[in-house]
There are 4 protein chains.
Amino acid sequence: MPKIGMEPIRRKALVSATIAEIGRAGSLDVTVSQIAKRAGVSSALAHHYFGGKEQIFLAAMRHILTIFGAAVRGALVVSEGPEARVRAIIRASFEAGNFREEVIAAWLNFYVLAQTSPQARRLLKIYQKRLHSNLVFAMRPLFGDKAVSAAEGIASMIDGVYIRQALCDHRVGREQAVALTMEHFDLLLEQAK
Amino acid sequence: MPKIGMEPIRRKALVSATIAEIGRAGSLDVTVSQIAKRAGVSSALAHHYFGGKEQIFLAAMRHILTIFGAAVRGALVVSEGPEARVRAIIRASFEAGNFREEVIAAWLNFYVLAQTSPQARRLLKIYQKRLHSNLVFAMRPLFGDKAVSAAEGIASMIDGVYIRQALCDHRVGREQAVALTMEHFDLLLEQAK
Amino acid sequence: MPKIGMEPIRRKALVSATIAEIGRAGSLDVTVSQIAKRAGVSSALAHHYFGGKEQIFLAAMRHILTIFGAAVRGALVVSEGPEARVRAIIRASFEAGNFREEVIAAWLNFYVLAQTSPQARRLLKIYQKRLHSNLVFAMRPLFGDKAVSAAEGIASMIDGVYIRQALCDHRVGREQAVALTMEHFDLLLEQAK
Amino acid sequence: MPKIGMEPIRRKALVSATIAEIGRAGSLDVTVSQIAKRAGVSSALAHHYFGGKEQIFLAAMRHILTIFGAAVRGALVVSEGPEARVRAIIRASFEAGNFREEVIAAWLNFYVLAQTSPQARRLLKIYQKRLHSNLVFAMRPLFGDKAVSAAEGIASMIDGVYIRQALCDHRVGREQAVALTMEHFDLLLEQAK
DNA sequence: AATGAATGAGGATTCATTCAT
DNA sequence: GATGAATGAATCCTCATTCAT
């Protein structure tokens, strides 16, 4: 019962199913059939739309980064002043959604994939650059010349805290993660005065 | 040409080959045959000695952690004073060896595996605890009550910087990595005074 | 050249091929590939349709028992009177088809499998019960209370004669098999008078 | 620690281990290593002594038939008169030892092997002939010309009852088995009068 | 647009067997 | 006499991918 206009719906369903399956497996050892079944379509259709397994994964990664980017942008527009902006970025980075099992799994596997897949690496670079420029923009008024280096410190702290908390019990992780990173920011602020 | 006493030799060869192959592939998508071939034995022998693919991987991970632990211990014994000890741990964490392609690949895949394999998670916990207690021990004289929280900051910074630099060009990465983490430590020190 | 509605056709072909291969080998040491090749499909398809080797075997066993059951039923409906019914069952049990090499092989291996496979054992029990109730029903008018015990004697004779003749030269076996079992029935009849 | 004169001990241990393993598995899907391990020797030694897997199996079968033959002979020498001798053979056939799980497994697999292995078939023929001649010898005084046919009936009954009871609950099986076969013998006797 | 049918390629694992010691 | 070492060959099973419909 092929209907017209189904393509975007199917694509979205497949992307969601991919993220869910990666979360379930914890790795990219997920079959196209499993994804397709969860999405309620045939595996042949998944190939038809995305061209292959790797493309399906990349679409899923792109989706996660898009969501994350939107969250950061949303947090930024309601923040006033440099300090508030930095704190907004930190909080957005540890938003509850990012600690969902499947999102953690996606990120960790993303790192793995980035080693070998040029497309994955490109995506990762985009995420890193965006985070970097957001931080630098927010921190420039506070840190002047040292904004770049301070931003790198914050970004590293975010990634390090995330990876450490992601592999612990997730419920306590979130609060501590924000606290730890904020502490680092406080230190930077103090020194800048 | 079977000789007796070959077991430990073969085991070592297989562990090295496993790390090398994971490095080459960037992921755990490595066949036992590839590993065995690189080690110069049949895949049947690899199974004979380790029991299965996962056991081979875990043995490789254990090896990497052992090496890393030894490096840290070595750096600690030649350091005098709390500050030197912390700096030694930081430097050991970004030792050239840890930026070898295959070690990076092993670490990233280790994180992925830790989500689902209880044995991998246990290993990771051991690494984290050891790093933590080394840091706390060295930092207690400097930070008193706040040593634990400060140690967590350093540990997170190490992991975050590592993961970020690992996915950039590795040659510049190493220097910057040490510098970034040291900066964070300097901040902490200053505040503690 | 995939066409729709092929599944039942493939399943039948695979079941036939399984019986033929078991007959050729004399044992269950038959590879899925051999079966698939004889059926004219890939081994992957065999797995796809049946799920695994054991399921393929069980489907084959079920098929043999179905055929046998049908033969007995067919023989019974054209028989009139108790005595004729018993003789019909005996004759059906030693029908030429049951002495085909592959059917003998299937039966013998069935016995072996019944020791360990619950599903095989269940199938065997069904066959035994059906034979038993057919015999008791036919023999009740002749033997009254003793029908059950007499039926067990006949059933045992059938199985014993079958196994002995099956392992001799099959051509002479069939005639003798019927004769031997009939003799036993004659004895029972005489005594019952 | 090679010692002299160990060969017969090792051989016996291997034969016992083979029977035990076949019993455990219910089939001939038993590895030489399992057998060797149970016998407390290396698998290489098993090959050294027997030449190969099939030879090991045949030695085990030979052992079972030897035991069985001895039991029958033993029962015969203490029996007086034709009737007692037949009853002794029947009882020996259903001796408790023959209902041990591993002996049943050996027999059933023996039947399977007899289809394709000339050596196994030869062994089976020997068993059948010996049983046959024992029965005919005992029954001749009672049945005269009809002794041969009557003996075949008894032999078939023994095999059929055995196979049926072997695949039921073994404890009740033994008693019923003897009773059923004796009943058949009683019928023959009555008719012969 | 969508899928059932089908497969080739490959991978983990097992095992009988061999051989130097 | 006895074994640890080692492997080649085989087997079950999986899966991404293709294609006719």
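**Close-up views of a predicted four-chain model**

In this predicted model, 100% of the interface residues of chain B are also interface residues in chain A, so the copies meet through the same surface.

**View 1. Chain D is laid on chain C by a turn of 180 degrees.** The superposition has an RMSD of 0.1 Å, and the shift along the axis is 0.0 Å. That is the relation of a two-fold axis. Within chain D, the C-alpha nearest the axis belongs to D:G160, at a distance of 1.6 Å. The same surface serves both copies, since 100% of the contact residues of chain D recur in chain C.

**View 2. The contact between chain D and chain C draws on 29 residues from chain D and 29 residues from chain C.** On the side of chain D that touches chain C, the elements giving two or more residues are α6 (101-116), α8 (147-166) and α9 (170-192) of chain D. Of these, α8(D) gives the most to that side, with 10 residues. Sorted by class, the side of chain D that touches chain C has 14 nonpolar, 10 polar and 5 charged residues.

**View 3. Chain D stands apart from chain A and from chain B.** Chain A and chain D are joined by no contact, and their closest C-alpha atoms lie 33 Å apart. Chain B and chain D likewise do not touch, although in this pair the nearest C-alpha atoms are 13 Å apart.

View 4. Following α2(B) is B:G40, a residue whose phi is positive, near 80 degrees.

**View 5. A:K146 sits in a loop between two helices of chain A.** The loop that holds A:K146 lies between α7 (118-143) and α8 (147-166) of chain A. A:K146 has 16 C-beta neighbours inside 10 Å and therefore counts as partly exposed, given that a residue is called buried at 20 or more such neighbours and exposed at 12 or fewer. Between A:K146 and A:V136 there are 9.4 Å in space, C-alpha to C-alpha, while the two are 10 residues apart in sequence.

**View 6. Chain A as a whole has 9 helices and 0 strands.** Read along the sequence, the pattern of chain A is α-α-α-α-α-α-α-α-α, and its C-alpha trace spans about 65 × 35 × 30 Å along the principal axes. Of the 193 residues in chain A, 39% are buried. Among the contacts in chain A that link residues at least 6 apart in sequence, 59% join residues at least 24 apart.

How values were computed
Residues are numbered from 1 along each chain as its sequence is written. Chains are lettered from A and ligands numbered from 1 in the order in which they are written. This is a predicted model: local features need pLDDT of at least 70, side-chain atom pairs count only at pLDDT 80 or more; totals for chains, interfaces and linings use all residues. Copies are superposed by least squares on the C-alpha atoms of residues with pLDDT of at least 70 in both. Two residues are in contact if their C-beta atoms, placed from the backbone, lie within 7 Å. Helices (H or I, at least four residues) and strands (E, at least two) are DSSP runs, numbered from the N terminus. Ala, Val, Leu, Ile, Met, Phe, Trp, Tyr, Cys and Pro count as nonpolar, Asp, Glu, Lys and Arg as charged, and the others, Gly among them, as polar.
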